Amino acid sequence: MTESDKDKSVNTKKKRVRSKRRQDQSRRQFLRSTVLATGAVGASMLGFWPVVQGHSLRLRPPGAIKTPFDEQEFFASCIKCGQCVQVCPVEAIKLADITDGFGIGVPYIDARAQACDFSCDGLQCVLACPTGALTHDLDYPADTRMGFARLACAESCLAVQGKGFKGVARGPDFEGLLRYDDVDRWNPIKVAEYEYDLELCDLCVRQCPIEIRITQCAEEAKQKKDSKVARVAEKHGNECPPLHAIALEPIEGIDGTQRMMPVVYEGCVGCGVCEMICPVEPAAIVIDIDKTADDV
Amino acid sequence: MGYIVESLRVMFGGAPRKPDPEKITVDAKDIHVHKKDNPFDKAEFDRIYEEAAQNPAPHKWRNRRWITLILVNMLFVVSFFFDVQILEGALTASRFVGFHMADLNSALQVVLAYKIVVLNLVIGFVTILVMWILLGGRTFCSWVCPYHLVAEWAESLHLWLAKKKIVRDRPLKRSVRTVLYVIFALLAFASGYTVFETISPTGILSRALIYGPGLALIWVGFLLLIEVFYSRRAWCRYICPIGITYGVVGTISPLRVKYNLKNCHHEGDCRKICLVPHVLSMTIKGRADAMDMDVGADCTRCGLCVDICPTDSLVFEVKGLGKHLKNDNKK
């Protein structure tokens, strides 16, 4: 193009006309390029909106480097690869969509659908994280600070009503998984496959991974004197949680009768199993993400 | 050194230069003069096209590339779906049978936003860096990036519509990609968020394939619509910073496309199908300043030009290997 143009441009008048058209073309091209660049930057900066609004705040996997109201560091360090998703035995971890803005591809947990039950024992998601967005400072489930459980609706709690529970916790169609040591120590099964028959509903306490581990530790301690195996088991991960997380405590009911109510203690890490297992709809007990055991 | 500097200059948006007549090698000059004195006639073009039509595998490199691209991405999908743990993660970061790998651009974004360098990320970064230095840098774009493949299909649609005069291409300033690269780097650093990842179709598509589709695919669809109806291959050509990151890596890669002046008929088919035609400026009549010339590092090594060239004037080469050593010594 350019060469032939030059050949023809002996006639200077013609050249001037042509170059003016060129100039126009170039100007239009510059304008379009600017619009494109502005569009691309603008679109990416829209990702700020859900973050500023707080819509992107979620329950995060163990070890997420964040404070309850500030996930900036977590978003920054996460490379959005989902390796944590892949190692979770109960598939509790999901990756956020573009509606989370800058939080796109960042892992979160929807506790009611599938809580983290620590059935991996070794915090596999933390070990899988290539960037330390899930900090390697954690050693045991009890060290995690995901959130904090709260009895949101005491009136609907079966224990508070003095009721028992019989059947499968979340109905036959519920897809959620949980580790039941009495069924299979190594493979989580569907909650829908486990039948309960309880005189008083204590599912949130009974299934709390921290409480389960404390009970195991107590039993191990009892056998300690005469069993080397127990001592070895104690040393290999999942160390005994130092504090209780939840228990049923007696309260006085509205009608003056003695009732029981789940009370959350400082050992709660916010894993969400209580929220997942709670058989009433909506769950009577929920995880708050704006609080951890450290704030109690 | 000249190759690296010139590659970078053109990659960042500079126009390819006409050669300095003083610097054109004697044999190249002879060929230029010869071709000027004996212009190819129509019969000659018919002859080479007829010959090229005999090629039993006219899409050899494209097919190899598409298969590779699909296999790599399927390896991610299969690793998670069947829990076989060969290639875990997504294109942004992964483990290949346990070894860390990190996409160079994603890793840079994370480091800029987070401002802390994690050892695993360094290991993954260096692994991938070495890999793409050996394999050609932007080879990542055309041989691995899933967006490249869908964009190629969208491009076919664009070209078909353009032929029917329903749409037309609006070429933009290539330097806009360099400007955006700097902006996205500054944004990551200043905001503390990996801003570019929000709109990166590479990350979005990779995750959608592995972890299931989401609303983010609407954004990818929107980009494709722009490319079909407004500006051909706009994302890869004018926006994507991943291309620049790998392009810079490619400047020191031995794997390049090599141009040979001798048999070239300068019909320009290669430049018409090329994603980055500025790297093929030496194929314009009179532009080559040597008999053998390496195509610039902005080249994605996709091989479309190698496939389409009717005179085999464009071939893949690995610098410093076998018979090509001889040609290098001549310069």
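The views below show a predicted model.

**View 1. Two loop residues of chain A with positive phi.** A:Glu91 sits in the loop between H5 and strand S1 (93–95) of chain A. Its phi is positive, about 50°, although A:Glu91 is not a glycine. A:Glu91 has 14 other C-beta atoms within 10 Å and is therefore partly exposed. A:Lys80 belongs to the loop between helix H4 (72–77) and helix H5 (83–87) of chain A. Phi of A:Lys80 is also positive, near 60°, in a residue other than glycine. With 31 other C-beta atoms within 10 Å, A:Lys80 is buried; the cut-off for a buried residue is 20 or more.

**View 2. A cis peptide bond in chain A.** The bond between A:Glu281 and A:Pro282 is cis, with omega about -5°. A:Pro282 is placed in the loop that runs between helix H10 (273–277) and strand S10 (285–288) of chain A. Chain A as a whole has 10 helices and 10 strands. Of its 296 residues, 43% are buried. Among contacts in chain A with a separation of 6 or more, 70% are between residues 24 or more positions apart.

**View 3. Chain B as a whole.** Chain B contains 16 helices and six strands. Its radius of gyration is 21 Å, close to the 20 Å given by the globule rule for 331 residues, so chain B is as compact as a globular protein of that length. The C-alpha trace of chain B spans about 60 × 45 × 40 Å along its principal axes. Buried residues account for 43% of the 331 residues in chain B. Of the contacts in chain B between residues at least 6 apart in sequence, 73% join residues at least 24 apart.

**View 4. Helix H1 of chain B.** In helix H1 (residues 2–11) of chain B, the buried residues are B:Ser7, B:Val10 and B:Met11. Around the axis they cover an arc of only 100°, which puts them on the same side of H1(B). B:Gly2 and B:Val5, on the other side of H1(B), are exposed. The packing partner of the buried residues of H1(B) is helix H13 (241–250) of chain B. After H1(B) comes B:Gly13, with a positive phi near 125°.

**View 5. Helix H9 of chain B.** Helix H9 (residues 175–191) of chain B has 17 residues, which at 1.5 Å a residue should span 24 Å; the end C-alpha atoms are 24 Å apart, which agrees. The buried residues of H9(B) are B:Val176, B:Arg177, B:Leu180, B:Tyr181, B:Phe184, B:Leu187 and B:Ala188. Seen down the axis of H9(B), these buried residues fall within an arc of 145°, so they line one face of the helix. The face turned away from the buried side of H9(B) carries B:Val182, B:Leu186 and B:Ala190, which are exposed. Just after H9(B), B:Gly192 has a positive phi of about 80°.

**View 6. The two domains of chain B.** The domain assignment of chain B gives domain 1 (2–39 + 254–330) and domain 2 (62–140 + 172–248). Taken over C-alpha atoms, the centres of domain 1 and domain 2 of chain B are separated by 29 Å. In the contact between them, 16 residues of domain 1 of chain B meet 16 residues of domain 2 of chain B. On the side of domain 1 that touches domain 2 of chain B, strand S4 (255–260) and helix H15 (304–308) each supply at least two residues. The residues of that side of domain 1 of chain B divide into eight nonpolar, four polar and four charged.

**View 7. The contact between chain A and chain B.** Chain B contributes 46 residues to the contact and chain A contributes 34. On the side of chain B that touches chain A, helix H5 (residues 104–114) of chain B gives the most, with five residues. The residues of this side of chain B comprise 28 nonpolar, 12 polar and six charged.

**View 8. The surroundings of B:Ile210.** B:Ile210 is part of helix H10 (residues 201–211) of chain B. Because it has 25 other C-beta atoms within 10 Å, B:Ile210 is buried. Leaving aside residues up to four places away in sequence, B:Ile210 touches A:Gly82, B:Phe76, B:Val77, B:Phe80 and B:Ala90. B:Glu152 is 58 residues from B:Ile210 along the chain, and their C-alpha atoms are separated by 21 Å.

Conventions
Residues are numbered from 1 along each chain as its sequence is written. Chains are lettered from A and ligands numbered from 1 in the order in which they are written. This is a predicted model: local features need pLDDT of at least 70, side-chain atom pairs count only at pLDDT 80 or more; totals for chains, interfaces and linings use all residues. Helices (H or I, at least four residues) and strands (E, at least two) are DSSP runs, numbered from the N terminus. The radius of gyration is taken over C-alpha atoms; the globule rule is 2.2 Å times the number of residues to the power 0.38. A residue is buried if 20 or more other C-beta atoms lie within 10 Å of its own, exposed if 12 or fewer, and partly exposed in between; C-beta atoms are placed from the backbone. Two residues are in contact if their C-beta atoms, placed from the backbone, lie within 7 Å. The arc is that of the directions from the helix axis to the C-beta atoms. Domain bounds come from an automatic or database domain assignment. Ala, Val, Leu, Ile, Met, Phe, Trp, Tyr, Cys and Pro count as nonpolar, Asp, Glu, Lys and Arg as charged, and the others, Gly among them, as polar. The expected span of a helix is 1.5 Å times one less than its number of residues.
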